[in-house]
Amino acid sequence: VRIQIYTKAVVSTQSTGEQQARQMEMKNNMLSAILDQKARARLNTVAQVKPERAQKVEMMLIQMFQRGQVMGKIGEAELIKMLEEISKSDTKTTKVNFDRRRVDLDSDSD
């Protein structure tokens, strides 16, 4: 009985891995159809530095392609514009607060 359970778990894990591999392959094929070679290289470079930003751009490109909004291949300049738009929307404001605490050993008590 234990052997059967184990083999079923292995088979389901393999099928999940195969599904993910197929999805990645489909995504890469779609991106290759959408982007020209220089734009694809830039997107791969962005993915090395900021994977979450690259994923957003990839999803946006795939959605545009599925809706029929992409006419021809997207060049590097257009990809840069898309990356700039995403970076504008993702700007995080950083606020620094200085909390100055008084210590009992102040120079005023002399």
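Predicted model: local features only at pLDDT ≥ 70, side-chain atom pairs only at ≥ 80, totals over all residues.
Author: Residues are numbered from 1 along each chain as its sequence is written, and side-chain values use heavy atoms, with hydrogens and water left out.

Reader: What makes residues 51-67 a helix, and what span is expected of H3?

Author: A helix is a DSSP run of H or I with at least four residues, numbered from the N terminus; H3 has 17 residues. The expected span is 1.5 Å times one less than the number of residues, and the reach of 24 Å from first C-alpha to last is close to the expected 24 Å.

Reader: Which residues of H3 are called buried?

Author: Buried means under 20% relative accessible area, exposed over 50%, and partly exposed in between, with a 1.4 Å probe and protein chains only. Ala-54, Val-57, Glu-58, Leu-61 and Ile-62 are buried in H3.

Reader: Why are they said to line one face of H3?

Author: Their directions from the helix axis to the C-beta atoms define an arc; the buried residues of H3 fall within 135 degrees, so they line one face. The face turned away carries the exposed Gln-66 and Arg-67.

Reader: With which residues is Leu-61 in contact, beyond its neighbours within four places in sequence?

Author: Contact means heavy atoms within 4.5 Å. By that criterion, Leu-61 is in contact with Leu-31, Ile-34, Leu-35, Val-70, Ile-74, Leu-79 and Met-82.

Reader: Which residues of H2 are buried?

Author: In H2, Ala-39, Arg-40, Leu-43 and Val-46 are buried.

Methods
Helix = DSSP H or I, 4+ residues; strand = E, 2+ residues; numbered from the N terminus.
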